[in-house]
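Have the structure open as you read.

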Amino acid sequence: MFSQMSRLVSYSPAYTIVPTYECFNRCSYCNFRKEPGDSPWLTMAEMKQELAGLCEQGVVEILILSGEVHPNSPRREAWYDRIYELCDEALNWGFLPHTNAGPLKFEEMARLKQVNVSMGLMLEQMTRELLQTVHRHAPSKVPSIRLQQLDWAGELKIPFTTGLLLGIGESPSDWGWTLEAIAKSHDRSGHIQEVIVQPYSEGSRQRSQGTDLILANYRK
Ligand SMILES: O=c1nc2n(C[C@H](O)[C@H](O)[C@H](O)CO)c3cc(O)ccc3cc-2c(=O)[nH]1
Ligand SMILES: C[C@H]1O[C@@H](n2cnc3c(N)ncnc32)[C@H](O)[C@@H]1O
Ligand code: SF4
C-alpha cells in the first residue's frame, strides 16, 4: 500500500564505464553498438585515469556496460578477463561495480560475482515475436536465455537489476507477461533489487536509416 511505504528517497551517484562498444548482436533500436574491430577495448591504464577523475566527484557506483563478444568466439575469454579486471580495479579504488555485459555463462557469472556488488540484464520483452523484427540479428535477445540469467543470478545469490524496454513493437499485454516472469524469478530467490521500465529512445542511427521498429505501433 502506498501509505505504508517509506517516504524516504535514496540515491547513489553512478557513472558508466564502457569496456567496448563492439557487439555481435544488431538490435535495431541500439545506438550504442559498433562493428567488431571498430571499437578498441578500454585498457587498464585508461580505466585508472577515468577512475582517478571520478574520485573527487562523489561517485559511488560504477556501471560497467558492454557490447558483447560471441560466447563461442576465441576472443570471448580475453573480453571477459578484461571486464573482470576492470571491476576488480573499480573495487580497489573503493567504488561499487555493477556489470551488465549481456548474457553470461554460469561459470562467468559465478566468478564475476566476486568483483561486483550487483549485476544486471534487461529482459527487454518476453515475447518471441520480436525475434522476427528488432531482434532478428540479436541471438542474445532470446527471451528464454535472458530469463535463465535471472534464475542463475538468483541461484548464485547475486542482487540483480532487470527490466523492460518499451516501444519496440510489443503489445501492452506483453508488458504483463514480462513483469510476471520477473516476479516469478524473484519469488524463487528474492534477488531482484530494481526493475527498470525504460522507454525506447530514438537516436541518430534510427533517424538516418529509418527504422523497421514501427514504434508506437502497439499491436493490440
Ligand atoms: O541511470 C541508469 N542506470 C541504469 N542501470 C544502472 C542501475 O540503475 C543502477 O546503477 C544499478 O542497478 C545499481 O543500483 C542499468 C543497469 C542494468 O543492469 C540494466 C540497465 C540499466 C539501465 C540504466 C539506465 O537506463 N539508467
Ligand atoms: C542496456 C539496455 O539499454 C537498452 N537500450 C538499448 N538501446 C536503447 C534505446 N535506443 N533506447 C532506450 N534503451 C535502449 C536495452 O534495454 C539494453 O538492455
Ligand atoms: S546487445 Fe546490447 S549493445 Fe548489442 S546491439 Fe543489442 S542493445 Fe546494443
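1. Start with the lining of the largest cavity in this predicted model. Thr99, Asn100, Ala101, Gly102, Leu104, Met109, Met119, Gly120, Leu121, Gln149 and Phe160 line that cavity. Two elements, β3 and β4 (118-120), each give two or more residues to this lining.

2. What about the volume? The largest cavity comes to about 50 Å³, and the count of cavities of 30 Å³ or more is one. Sorted by class, the lining has six nonpolar residues, five polar and no charged.

3. Now switch to ligand 1, which takes up the space of the largest pocket. β2 (61-65), β3 (96-100) and β6 (192-199) are the elements giving two or more residues to the shell around ligand 1. With four residues, β6 provides the largest share.

4. Who is in that shell? Around ligand 1 you'll find Glu61, Leu63, His98, Asn100, Gly120, Leu121, Met122, Thr161, Gln193, Glu194, Ile196 and Gln198. By class, that makes four nonpolar, six polar and two charged residues. Take a look at Asn100, Gly120 and Leu121: they sit in this shell, and they also line the largest cavity.

5. An N or O atom in the side chain of Glu194 is 2.4 Å from an oxygen atom of ligand 1; for the side chain of Thr161 the distance to a ligand oxygen atom is 2.7 Å. Gln198 has a polar side-chain atom 3.4 Å from an oxygen atom of ligand 1. On its own, ligand 1 has 520 Å² of accessible area, and the protein covers 68% of that.

Definitions and conventions
Residues numbered from 1 in each chain as written. Chains lettered and ligands numbered in written order. Predicted model: local features only at pLDDT ≥ 70, side-chain atom pairs only at ≥ 80, totals over all residues. Heavy atoms only, no water. Near = heavy atom within 4 Å. Polar contact = N/O pair within 3.5 Å; in protein donor to acceptor, adjacent residues only side chain to side chain. Areas by Shrake-Rupley, 256 points an atom, 1.4 Å probe, with all protein chains shown as cover. 1 Å grid on protein atoms, 1.4 Å probe; cavity = no way out; pocket = protein on both sides within 12 Å on 5 of 7 lines; lining within 4 Å. Sits in = over half its atoms within 2 Å of the grid points. Nonpolar A, V, L, I, M, F, W, Y, C, P; charged D, E, K, R; others polar. Points joined across faces, edges and corners; volume = space filled by probe spheres on them.
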